[in-house]
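Student: Hi! I'm new to this one and would like a walk through it. Could you show it to me?

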Amino acid sequence: MANTAAINGINGLRDIRRSPASHLAAALEAGSIQGTVVLNEGPFQTMAGVRVDPRSEEGARIAAVTGGLPARCGDVAGTDRVSVLWLGPSEFLVVAPEEAHDSLGGDLIGSLVAALGEAPGQVVDLSANRTTFELSGPRARAALEKGCALDLHPRSFTVGTALNTEIGNIPVVLQKTGEESFRLFPRASFADFLGRWLLDAMREFASPEVP
Amino acid sequence: MLLIPCPNCGSRDETEFHYGGQAHVAYPENPTELNDREWAEFLFYRDNTKGAFAERWLHSTGCRQWFNMLRDTVTYDIQAVYAMGTPRPATTGPAASEPGTASTAADSTTTGNAAPSTSSSSTTAPEGATK
């Protein structure tokens with residue numbers, strides 16, 4: 001309960017925070033086709049960029065905080081609250097619900113910083129760096145395939161993996177959260193572009209399929 | 001369009017990579033002792049090989065790691081992918097084709113290459129990765 005109170009007002013700043021694609025909310029709703037492909041912007045997340053050698057002692061300490069570090073490209077480690085995405089051999093993105101942030105009563109960033117200590121590496125609060133798009137539906141993969149060169153077929157891109165790639169020519173972290181649902185993490189400055197690009201990619205599915 | 005086998009991420013589209021020029025260009029032992037011509041040759045003069053060419057690549061929208069690649073400049077055949085700081089592999093015939101390099105690359109992720117190779121890459125990587 002204390003967390004909820006904190007979210008409601010840290011000096012009023014939380015109330016005026018706007019997500020990078022908030023101006024597209026109505027367009028995303030209008031462009032979504034229920035039962036076919038649905039796009040919406042997810043809630044704020046607490047994100048931390050971590051650079052640490054996963055085989056080192058400090059890497060083990062960080063892994064103890066996050067619930068593990070992914071070992072290879074595509075892997076997602078962590079717990080049900082915190083997920084750790086593999087960005088590089090020594091670079092990880094920690095994603096957690098907003099209330100995990102220290103300013104809202106959580107302790108994620110602080111405990112990561114404490115776990116790293118004076119050891120080589122870095123922990124950076126990137127909560128405002130990326131926004132989250134949630135794309136789901138039977139045609140979600142078809143929409144993504146218009147601008148992503150990866151093999152998105154379920155046999156190679158399995159549920160619970162995340163890849164750092166390009167979608168619509170911009171760098172995006174693409175996470176597969178379910179058989180037909182994807183999470184896209186574009187940088188905040190690309191949110192408008194990617195939102196509109198996805199809406200354009202989804203538009204054909206509103207019409208009946210031409211055999 | 002090239003399909004480049006990144007040693008960390010596997011085969012990815014060429015658009016995710018940036019080219020880093022010729023590999024194995026050693027920094028001069030004593031830069032202050034070079035005359036202008038020698039310095040200019042170190043800075044600007046590169047081989048223009050027809051055939052197998054060792055070059056640096058950066059997987060800029062993937063794992064953001066540098067690696068070396070042996071590519072045929074005529075056929076675009078990728079003959080080998082190897083880590084920064086390691087010597088150029090011998091090119092004897094068409095032995096190492098792309099599937100072979102991809103499989104050895106996957107191994108290198110688990111064995112040696114996964115560490116933050118800042119020490120080896122900083123000597124060979126250019127000062128600013130031009131976007």
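Tutor: Happy to. One term to begin with: contact, or touching, means heavy atoms within 4.5 Å. This is a predicted model, where local features need pLDDT of at least 70, side-chain atom pairs count only at pLDDT 80 or more, and totals for chains, interfaces and linings use all residues. Residues are numbered from 1 along each chain as its sequence is written, chains are lettered from A and ligands numbered from 1 in the order in which they are written, and side-chain values use heavy atoms, with hydrogens and water left out.

Student: Thanks! Which residues does B:Arg12 touch?

Tutor: Leaving out residues up to four places away in sequence, B:Arg12 touches A:Cys73, A:Leu150, A:Leu163, A:Asn164 and A:Thr165 in chain A, along with B:Leu2, B:Leu3, B:Ile4, B:Phe17 and B:His59 in chain B. B:Arg12 is part of strand S2, residues 10–13 of chain B. Strands (E, at least two residues) and helices (H or I, at least four) are DSSP runs, numbered from the N terminus.

Student: Is B:Arg12 buried or exposed?

Tutor: B:Arg12 is buried, because its relative accessible area is 2%. The cut-offs are under 20% for buried, over 50% for exposed, and partly exposed in between, using a 1.4 Å probe and protein chains only. The side chain of B:Arg12 also has a polar contact of 3.1 Å with the side chain of B:Glu16. A polar contact is a pair of N or O atoms within 3.5 Å; within protein, one must be able to donate a hydrogen and the other to accept it, and residues adjacent in sequence count only if both atoms are side-chain atoms.

Student: Where does B:Cys63 lie?

Tutor: In chain B, B:Cys63 lies in the loop between strand S4 (52–58) and strand S5 (66–72). B:Cys63 counts as buried because its relative accessibility is 0%. Its partners beyond four places in sequence include A:Trp86 and A:Pro89 from chain A, and B:Cys6 and B:Cys9 from chain B.

Student: How many residues apart are B:Cys63 and B:Cys9 in sequence?

Tutor: They are 54 residues apart in sequence, and 7.0 Å apart in space, C-alpha to C-alpha.

Student: Let's zoom out. How many helices and strands does chain B have?

Tutor: Chain B has three helices and six strands. From the N terminus on, they run β-β-β-α-β-β-β-α-α. Of the 131 residues in chain B, 39% are buried.

Student: Over to chain A: where is A:Glu41 found?

Tutor: A:Glu41 is found in strand S1, residues 38–41 of chain A. The side chain of A:Glu41 makes a polar contact of 2.8 Å with the side chain of A:Ser19. A polar atom of the A:Glu41 side chain also lies 3.2 Å from the backbone nitrogen of A:Ala21.

Student: And which residues does A:Glu41 touch?

Tutor: Not counting residues up to four places away in sequence, they include A:Pro20, A:Leu28, A:Thr131 and A:Phe133.
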